[in-house]
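Visitor: I should like to go through this structure by question and answer. May we begin once it is on display?

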Amino acid sequence: MTNSCQRRIGIMGGTFDPIHYGHLRAADEAHAAFGLSEVIFVPTGQPPHKAGERVSSVEDRYMMTVLATVDCPYFSVSRIEIDKTGKSYTIDTLRQLKSMPEYRDTEFYFITGLDAVLDIVSWKNPEEIMSLCKFVAVSRYGYTHSRMQELPEDLRSAIIPLEIPLLAISSTGLRERVRMNRSIRFLVPPSVEHFIRKKSLYSSI
Ligand code: ATP
Ligand code: MG
């Protein structure tokens, strides 16, 4: 049973290559919907789902995440996954956070887009993930919550759907736009755009 005195904290995991307004909007919607005291952004280390794909350095992704969130008093960024060697798994991160004394009385809300939720059967220990946190599925352009029917009943029943304004922005699309010399203004915060230009991210091969 949920203890109403418990502090609620959101966890927003992602590769953030780059972070964009879709991520920030999703976190802000969950913050308001569930009365979260803060949302911690957790950039992945070596993402298990993206093995073989070209991913920017962890420090560049961390820096962009910090730049994008620094203005918001209830957003913060954790190095928990990027300081780890080897693959990042959500279950290990959740176990680690749950074991920290500062989070003893905390209920975690893990915020995920619908596209990622539909893939959850391929994650490590999905049932245990559900038992350690509230698992929130936010709307994502191109997906409807009815698709949660595709998931096994025990997982589906533990997921909380959250309708949010659809922003058809993806990091893949942004990397493509930079490669094509198209503008990414108003899709990412200005500081992130400046950082991408300064470090010449995504522009070559
Ligand atoms: P990529 O195209 O490289 O996969 P992405 O835009 O999907 O990048 P991720 O870092 O993979 O970004 O996503 C982190 C989390 O944010 C995932 O749970 C994803 O579903 C969610 N998310 C990403 N973009 C949006 C968006 N526009 N609206 C809602 N959720 C989003
Ligand atoms: Mg993605």
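Guide: Helices (H or I, at least four residues) and strands (E, at least two) are DSSP runs, numbered from the N terminus. Please note that this is a predicted model.

Visitor: Which helices and strands each supply at least two residues of the shell around ligand 1?

Guide: Both kinds of element contribute at least two residues each to this shell. The strands are S1 (7–14) and S4 (106–113), and the helices are H1, H4 (114–117) and H7 (171–179).

Visitor: How many residues of the shell around ligand 1 are polar?

Guide: By class, the shell includes 6 nonpolar and 4 charged residues. The polar residues in the shell number 12.

Visitor: How far apart are the end C-alpha atoms of helix H2 (residues 58–69)?

Guide: H2 has 12 residues, and at 1.5 Å a residue the helix should span 16 Å. The computed distance between its end C-alpha atoms agrees with this, at 16 Å.

Visitor: Which elements are among those covering the buried residues of H2?

Guide: The buried residues of H2 include Asp60, Tyr62 and Met64. The cover over the buried residues of H2 includes H1 (21–33), S2 (38–43), S3 (75–77) and H8 (190–198).

Note on methods:
Residues numbered from 1 in each chain as written. Chains lettered and ligands numbered in written order. Predicted model: local features only at pLDDT ≥ 70, side-chain atom pairs only at ≥ 80, totals over all residues. Heavy atoms only, no water. Expected span 1.5 Å × (residues − 1). Buried < 20%, exposed > 50% of the residue type's maximum accessible area, 1.4 Å probe, protein only. Contact = heavy atoms within 4.5 Å. Nonpolar A, V, L, I, M, F, W, Y, C, P; charged D, E, K, R; others polar.
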